[in-house]
Structure formats: structure tokens, C-alpha cells
Amino acid sequence: MNGYGGSILRVNLTEGKITRLPTPADVIRDYIGGRGFGAYFLYHEVPAHADPLGPENKLIISTGPLSGLMIPGAGKCDFSTKSPLTGGYAGSSLGGLFTAEMKYAGIDSIILEGISPKPVYLFIDDRKAELRDASEYWGKGSITVERMFKEQLGEEFQVAVIGPGGENLVSYASINHDYGREAGRGGVGAVMGSKRLKAIVLHGTQSVQVADLAGYRQAGMALFKACKDSDGLKPWQDYGTTIVTSWCDEVGALPTRNFSAGSFEGGPTLYGPVMREQIVITDKGCFGCPSPCGKYSRMKRYGSTVEGPEYETIGMLGSNLGIADIQDVAQANLLCDELGIDTISAGSAIGWAMECFEKGILTLEDTGGLELRFGNVPAVFELLQAIAKRQGLGALLSQGVKAAAKQVGKGSEKFAIHVKGMEQSAYATHNATAMLLAYMTCDVGAHHNRSWAITYDLQVGRELVVPEKVARIIWLQDFRPMFDVFGTCRLQWVELGIDRELYVPALAAVTGVQRSWEELEMVGARIWNLNRMFWIRENEGFGREWDLPAPRFYEEAPKTGVTAGQITRLEDVHKLLDMYYEQRGWSSNGIPTPATLEKLGLAELAQTL
Ligand code: SF4
């Protein structure tokens with residue numbers, strides 16, 4: 001199996017049984033790897049209406065055919081499951097070094113099922129795999145536990161671990177690795193916690209067979225050379241994702257005080273150059289990355305260090321909470337990492353609670369005496385702890401903003417910023433219709449990485465509602481997630497402008513199968529539609545209403561900043577959906593038609609409609 005580890009490791013935690021089976025050739029052919037494997041196994045193995053935190057749900061961890069090879073950024077791993085946050089599909093990507101070791105242990109996917117009677121961790125050393133007692137690690141933070149494992153087993157072991165957030169089943173708990181990389185979105189950490197699996201610790205030494213060694217070397221070198229020659233390399237390496245903070249503030253896309261505006265008066269002290277000057281001490285990259293965007297930061301005021309913060313965290317734990325000091329944001333980032341909770345969802349939940357407090361919907365009695373106003377840093381630190389422990393107001397916020405607003409009511413649903421239950425990541429979309437549609441139709445909920453279109457909005461006119469914009473979003477949704485299928489980072493294409501055609505000979509040389517981007521986009525569309533069918537199967541009455549954005553983006557224009565007074569009308573929101581469904585080959589209620597499913601090789605799913 002050129003390019004593959006060759007096996008699927010199935011771990012039944014209820015029975016304590018581990019089996020290794022060959023990776024099915026037809027799944028490789030139709031879904032290639034990574035996110036494709038996750039979507040396939042999730043749909044076909046998890047029974048309909050399974051409890052996300054029950055024994056029937058599965059957590060599927062997959063490498064891709066390029067993972068662990070000498071291809072730029074080939075250190076991406078996919079975590080797929082039924083989300084406890086949304087009740088639909090969750091697929092979250094993890095960088096770092098984990099996926100390479102998994103591949104060298106000969107594994108394409110780890111499928112975790114059942115529930116262990118006691119806390120355990122999964123130990124893998126090449127062909128050896130066993131469940132071990134985790135009682136000494138349970139209850140501890142994810143960074144602490146990663147250090148313990150490295151000291152006890154050796155630096156060569158890579159660790160994916162949950163913190164107290166995952167143990168306590170916080171709906172947006174993360175899985176952490178490499179002291180600051182996270183599979184953050186959709187509550188994958190809660191699913192791992194529900195199985196009482198504290199960590200996966202692995203190491204491998206096997207080589208990966210490739211079909212054409214000379215061709216692989218040549219294609220890999222061409223990709224690295226393109227990265228090295230890119231004009232985008234230096235600024236990207238200097239600032240990483242924080243390169244966009246100032247730009248977002250200037251164009252009105254920086255989430256500010258629970259997305260009530262897109263520009264923040266305290267924004268300049270959060271910008272990339274300020275962060276680099278004040279707190280960054282070194283750069284850090286994932287496996288095989290020629291353009292390390294990770295930053296290690298030192299917060300002198302707190303006597304601590306953290307990997308980060310990235311732009312999304314700065315947006316959601318900074319401007320979105322009215323916090324303008326980069327050290328405070330970085331410290332909040334560190335807390336989230338150690339506690340094992342997603343910085344985006346946590347920032348959104350706290351932003352919503354702050355707005356509720358300022359509007360008098362939540363009182364001092366509800367907050368346990370916390371003056372929960374925007375900008376109150378100690379209150380944020382306290383609430384993050386309470387969320388991870390599910391105590392007091394933290395218990396309410398640990399369910400995610402959709403569930404919390406439903407429970408509190410009193411009009412607070414209108415400023416719960418989510419789509420399908422997933423908190424919107426850090427782009428304010430009051431008048432950016434392409435990015436708004438990207439959030440509305442994203443296969444996990446309001447997440448940006450499937451189709452990041454905010455720059456495209458500015459290029460073509462952000463308020464336009466036209467079929468070309470919709471076509472662009474669909475193209476991005478089918479194409480961009482293919483990097484998660486290959487097991488590589490997409491940012492070399494996005495930020496360094498690497499020609500995507502350079503990946504075609506690399507994939508062919510590694511796997512021995514020649515596929516054009518036209519064919520690869522078809523695989524992308526198959527995965528997209530399969531995930532849509534998962535949402536439909538799992539949620540009675542699923543349809544257009546589920547794709548609507550938070551009312552804030554069509555009912556309430558910002559009062560300040562460059563987007564003041566601007567908004568997308570509800571009528572235009574529906575027009576966008578009409579065009580999107582038509583171009584996708586879906587019904588006017590957003591359901592794939594039998595003809596569409598057949599065209600994508602998913603005809604058998606039509607019977608479930
Ligand atoms: Fe990792 Fe950033 Fe490099 Fe991508 S660009 S591989 S996320 S360090």
C-alpha cells in the first residue's frame with residue numbers, strides 16, 4: 001500500500017480489546033485518507049442517533065497518504081466524530097508531530113469505540129498496542145501530562161491528551177499535543193473523555209513505502225523550493241496567523257464585544273508586530289514545515305510561556321471580550337490549553353455571557369458575584385476554570401452558546417453567535433457575504449478553515465450577492481479540505497501562494513495513482529455530501545433553518561467601526577442559500593437530491609432520504 005501505514009487499529013475500550021486490520025482498498029480509492037477516512041468510518045460505523053458521549057459513538061483518528069513524508073507541512077492528522085456540541089459531524093485537524101509517528105507505527109486510522117470502565121491511556125510502540133492504567137494522570141492538565149509522559153517514556157513518544165475539560169465532558173473540549181497544538185473544534189476532547197481515554201502515546205520506526213522514489217524526491221523538492229522562493233515566506237514566518245489581526249481590525253472583521261462590531265479601539269495593542277516585540281521568544285513549526293507559523297510567547301507578568309496566541313485566539317479571547325493586552329490574551333490561551341478547551345468556543349461563550357450581564361439578563365446571582373463586564377480579565381480567567389470544571393455559571397457555558405442561550409432565553413438567543421451549534425470563529429461577517437455563506441454552510445458549523453473567503457469578499461465587493469461568489473465558496477469547500485485528506489497543511493497554498501498543481505505529482509509518486517485536481521475535487525464533493533447526509537440522518541427536521549447565521553449578522557448593524565450601519569439583509573441570506581443549494585444539486589431545503597448522490601458515487605444513501 002504505497003503511501004499508507006497499511007492498517008486500521010480498532011480499540012474497543014469497553015472490552016479492552018485491540019485489533020489491527022488491513023486498511024480497506026475501496027476506502028482508499030474513494031476517500032484517499034485523513035478527513036475522508038474519518039467521514040467514511042463515521043457514517044458507516046456509528047449507528048443512527050447514537051449518543052455523542054455514549055459507547056456507540058466513535059472517535060476516528062486518521063493520517064493521510066502524505067503524512068510523515070518529506071512534503072511541506074505533512075504533519076496533519078484528522079479527528080472525526082459525532083459532535084457533542086452540535087449533534088452533527090465534527091472533523092478537527094491537529095498539527096505537530098503526532099501524525100508522523102502514527103504513520104511510522106503502520107497505522108492509517110485509530111478507531112476508538114466503547115467506554116472503558118476506568119481511566120486508561122493507549123500506548124503504541126510500533127506493532128505493540130495496549131491500554132494502560134491512567135489513574136496517575138486523570139485530573140491533571142494536558143500540558144502537565146504531556147511532560148510526564150515524555151519524562152517517563154522518552155522524547156520520541158508523541159502524545160495526544162485531554163485536560164480536565166475533556167474529562168468533565170465540556171461540549172467543546174479539545175485534544176492537545178506538542179504543548180500547544182490542538183484538535184480544538186466540535187468537542188472531540190469530550191468524546192475522548194467520555195471513553196475514559198486520557199491520552200494516546202505513540203512511537204513508530206517503520207518506513208513508508210512509496211511508489212516512485214525518484215519522482216517523490218523530485219516532487220517534494222519542487223514543493224519545498226516553491227515555499228523557499230515565495231515572497232510570502234518572511235512575513236508569514238515572522239507573524240504567523242497574527243499577520244491578519246491588524247488587517248481584520250481595519251476592514252471591520254475583528255470580532256469585538258461578542259461580534260457587536262468588527263473594529264476594536266484596543267486592537268492596535270493586539271497586532272502581530274506588537275505581539276512579536278512584546279512576548280514572542282521563538283518560532284515553532286509542525287512536522288516537515290518550511291514556514292513555521294507557531295510562536296512561543298513569554299508572559300513576564302504571569303511568569304509563564306505558551307505556544308501562541310494565534311489570530312483566532314486573539315480575536316475570541318481578546319477583542320471579542322474587550323481585552324486589549326496581549327499578555328492577558330496569551331495567559332487565557334495557556335489556561336485553555338492546560339484545561340483542554342477550545343479557545344474559539346470558550347471566547348464566544350464568555351462573550352455571550354458578558355453581553356447577557358451588561359444587558360441585565362444574567363445577574364450577579366447568576367455569575368456567582370462576578371462583575372462579568374467586557375474587559376474584566378480576572379473574571380475571564382475564573383470563568384475558564386469554572387467551564388472546565390463545569391461549576392456555577394461555567395456549567396451553563398460548558399454546553400456551548402446555543403444550548404446556554406436556549407436555557408437562559410430572554411432574547412439571549414439573538415446574540416448567541418453560532419451556526420448549527422458551533423460558535424463562529426473570529427471573523428465578523430455583518431456585510432461580508434462570501435464569508436457569511438462559508439460559515440452558514442460549513443460541514444462542522446461556523447468554522448473558517450474549510451473556505452476562508454474574507455479576502456475574496458474584499459476583492460470582489462463584500463456586500464455582493466451573486467452566483468460567482470457562491471461558486472467560489474463551493475470550490476473552496478471541495479478543494480481546501482483535500483489538504484486534510486492528504487495529511488498536509490493548507491497554509492503553504494493559502495499564505496505562500498504555492499501552486500496546487502505541485503501536489504499532483506507528489507501524490508502520484510507516493511501512492512502510484514495519478515489523480516488530477518478535477519478528480520480530487522470530486523472526492524472533496526463526495527466527502528462534503530456524505531457529511532451533509534450525516535447531519536440529515538442524525539437530526540430530525542434538518543434543513544434550511546439549520547444553515548441560518550446568528551441574527552446579529554442580519555438584524556443588527558454595528559454601531560461603531562468601519563462597518564457601522566452595514567448589514568446583510570435576511571432576504572439576501574436566503575438568496576445566498578437558494579443559489580448555494582442549486583449549485584450543489586440540493587433541494588430548496590438543502591437536501592442532496594438522489595441524482596447528486598448518484599453522481600458522487602453515493603447512490604445507496606438516496607434510500608435513506
Ligand atoms: Fe504547522 Fe503553521 Fe507550518 Fe502549517 S504553516 S505546518 S500550521 S507550523
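**Ground rules.** I noted that this is a predicted model, in which local features need pLDDT of at least 70 and side-chain atom pairs count only at pLDDT 80 or more, while totals for chains, interfaces and linings use all residues. Residues are numbered from 1 along each chain as its sequence is written, and side-chain values use heavy atoms, with hydrogens and water left out.

**Whole chain.** I read off 26 helices and 17 strands, which are DSSP runs (helices: H or I, at least four residues; strands: E, at least two) numbered from the N terminus. Of the 609 residues, 66% count as buried, a term for under 20% relative accessible area, with exposed over 50% and partly exposed in between (1.4 Å probe, protein chains only). Among contacts (heavy atoms within 4.5 Å) between residues at least 6 apart in sequence, 69% join residues at least 24 apart.

**Helix H23.** Since 19 of the 22 residues are buried, H23 is largely enclosed by the rest of the structure.

**Ser-7.** I found Ser-7 in strand E1 (residues 7-12), and at 5% relative accessibility it counts as buried. Not counting residues up to four places away in sequence, Ser-7 touches several residues, including Arg-20, Leu-21 and Asp-108. The side chains of Ser-7 and Arg-20 are joined by a polar contact of 3.0 Å; such a contact is a pair of N or O atoms within 3.5 Å, where within protein one must be able to donate a hydrogen and the other to accept it, and residues adjacent in sequence count only if both atoms are side-chain atoms.

**Backbone exceptions.** Most residues other than glycine have a negative phi, and most peptide bonds are trans. I noted that Tyr-179, between strands E10 and E11, has a positive phi of about 60 degrees. A cis peptide bond, with omega about -5 degrees, joins Gly-308 and Pro-309.
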